[in-house]
Amino acid sequence: MPSMTFPATALERLSARVLEGDVVFFIGSGASIDSEKNSAARLMGRLLVRLLAFAEVLDGDHPGTGRALRDDLVHTFGLDGTTAEEIAGSEQNISGLAKSYYEANEWFCSAYGTLLAQAARRRERPVSRRMQTREQELLACLKSADAVALDPLDSALLQLAAKDDTLSHRAAGKALFLDTMGFGNLSVMGGKPGKKVPFREVESSYEGRLFPRHHILARFAREGLCPAILTTNFDLLVEGAYRLAGFRDQLRDDSFPATMIPDFQTIASPEDFFTEGKAYREAIVVKMHGCAQRYRDVRSSPEALREYLRSMVFTYREIQNWREDSWAADYLRTLLRTRVVVFCGYSLQDPVIHDTFRTVYEEMARIRSARPTREPETAPAFFFGKARQFHGMAVLQAATAAVGAKPAKPGTHPNFLPFHFRHAPEFPNFDELLRWLFHLTFRARQMECLKSDLRRITTLLLGGPRPESELVAVQESFAALVEGKKGEEEKGEKEMAQAWTTSAGSRREHAEICAWTDLFHVGLLREFSCGDVVRRRQGAGLDLGMMRRAAWYYPAMQDASWTCWGAVVEMALRAMAKRAQLDITVSDCRQPTILIRQAGRGTPHAITIHFGGFERVGLQARLLGHPWRRVFWELGPDDAPWRRAVESTCARPRNAQAVPLRPPVRRKAARQILRAPDAMVIWRWATGTVTKPDVASVKQTLGFP
């Protein structure tokens, strides 16, 4: 792939649309391919192996149907090979079937139904055991070396296929088709996001499949910015991220603190669409082609299974009918006309869905008869893509015309957001683009809170109102950090992003900046929330332990004053480190933790802001790396959100320092707990009103021995 620059400007525009609540993310299979590894080639290999093994075992004693179906497969799709090993071991065969995805799915569903009906009609002893042995032999022939065994043939499908009607045969064949692809296998399609599943089991069931992209989408939903997500995927990654972000379990409404949008629903069938997802303040995940979890739920009931299989869109006929009579198609058309659609991991090569997008946008363009005057970046669509694909560019150009904008230059579009694959060494990948999008959005939220709540929170924590000049100083300093300031050598975060390339240095700088929002502030809001829960309940409940262990997300706008004070704390920490000539970065830790070191050399010193007193000794949150010393700034139950100024008046000396919770340890201890500096100390550093502090006093505040 040719060298490319970081799409900083496009992401800023997209962030602005997200903040307006105008964005709907459309998630395709490309967003899961490097997580679940379920490529079309892998799934086709599994389907082919089962067909060959089933046909061979069925014809072992009575040659006939199985051999005929195998020959029909070879001739219909132009496959190479004469033996089962040769057919399964050919990469060309697998890639050919993958290119004809919907047509091949149609054929396999029909063929599986025929084989099941034939096996049931002969009333043979179960063939599952013989099939498993043969399937393992053929799986070894696949070039992809799929190590996940196929699920055993379910005898219930033989019973369903034994019914003498076409609908039963078709349902049994499609169910076997889904079983073969791995819809019921956690090793193929992982995760247990169900609301009856305990939180800790949800977390362990994904086994590292969830990437930053999934968590960021869940955070946008928690903020109320993107309450609806559309996907053609069947996997359970988005739902898992939603559960882990803290959307409450309906069986335990007090598991996490109440938030603006406490729950979510998965819409995966017409019945769901008309009955669920209508509650006030509820996020929805619209799965237009069906859901693996719903399939697992109905798998044991033949009648429920037959009913839900109609909502699973896999075959050529089903994708063609989707345009005409699907509830999802009408919903999608409405969103295209009213919202900004962001394509993530979706190639738009599907002819039916591609035509749906083009038709709606062209209809909107015909209504606008005026001469185009707007710029192409105003198009109500963004596209995250690996390359400048024809289908993606065509939809972006159609969206541009839909709003009466000038067409973009051929082969390019300002709303195209390129990225490299996750395993590639070049920067950025898809997760890094979304991390920056979240960073921009969170920073904008912080600036909003500084304008609306700074006076209120400082009056509460400092015992009285502060001069307007100090409030303005904090707001301007934070704006300079994000936007940059003309004439200053230090660039703002957005200015640095404009210069990023594919280099490792750009990736490192990106990670250091994003960590402030993605890790530090997200963790700080969790700590504030834990302290508030204890204060409200007048003690620690059973749920506090889970709140401390889990990396859930507390919305920035749930309590704007907390978000505002978090920005003040960051400005103070940066000012302290600058005065002591220390480098400061954020550590990869569930709790808000910074690392400081002498001018880029030596082992770092860690400071963790921690709501303490309600956990067992030795269960502190782990951090990535091994600092030579770890200091905890401890907040107590009455410090909501921060320890108030020691003196109620505002006449506190400007060089006042923190009062330790325990006597400071003079020896070089590996771990030390100090009471967090009071709010006045933090405020003086954030506003730059500390009177000539010496380096020694600064280091003492930061916990240096």
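Where is P428 found? P428 sits in the loop between β7 and α20, where helices (H or I, at least four residues) and strands (E, at least two) are DSSP runs numbered from the N terminus. A cis peptide bond, with omega about 0°, links F427 to P428. A cis bond also joins A640 and P641. Most peptide bonds are trans.

A word on what you're looking at: this is a predicted model, where local features need pLDDT of at least 70, side-chain atom pairs count only at pLDDT 80 or more, and totals for chains, interfaces and linings use all residues. Residues are numbered from 1 along each chain as its sequence is written, and side-chain values use heavy atoms, leaving out hydrogens and water.

Now follow β7 into its sheet. It's an open sheet of 7 strands, in the order β3-β4-β2-β1-β5-β6-β7, with parallel pairing; two strands pair if DSSP finds at least two bridges between them. At the edges, β3 (263-267) and β7 (416-418) each pair on one side only. Further in, 4 bridges join β2 to β4, and I229 stands opposite V285 in β4.

Next, α20 (residues 430-462). A second, separate core of 39 residues includes F416.

Technical notes:
A nonpolar core is a set of buried Ala, Val, Leu, Ile, Met, Phe, Trp, Tyr and Cys residues joined through side-chain atoms within 4.5 Å. Buried means under 20% relative accessible area, exposed over 50%, partly exposed in between (1.4 Å probe, protein chains only).
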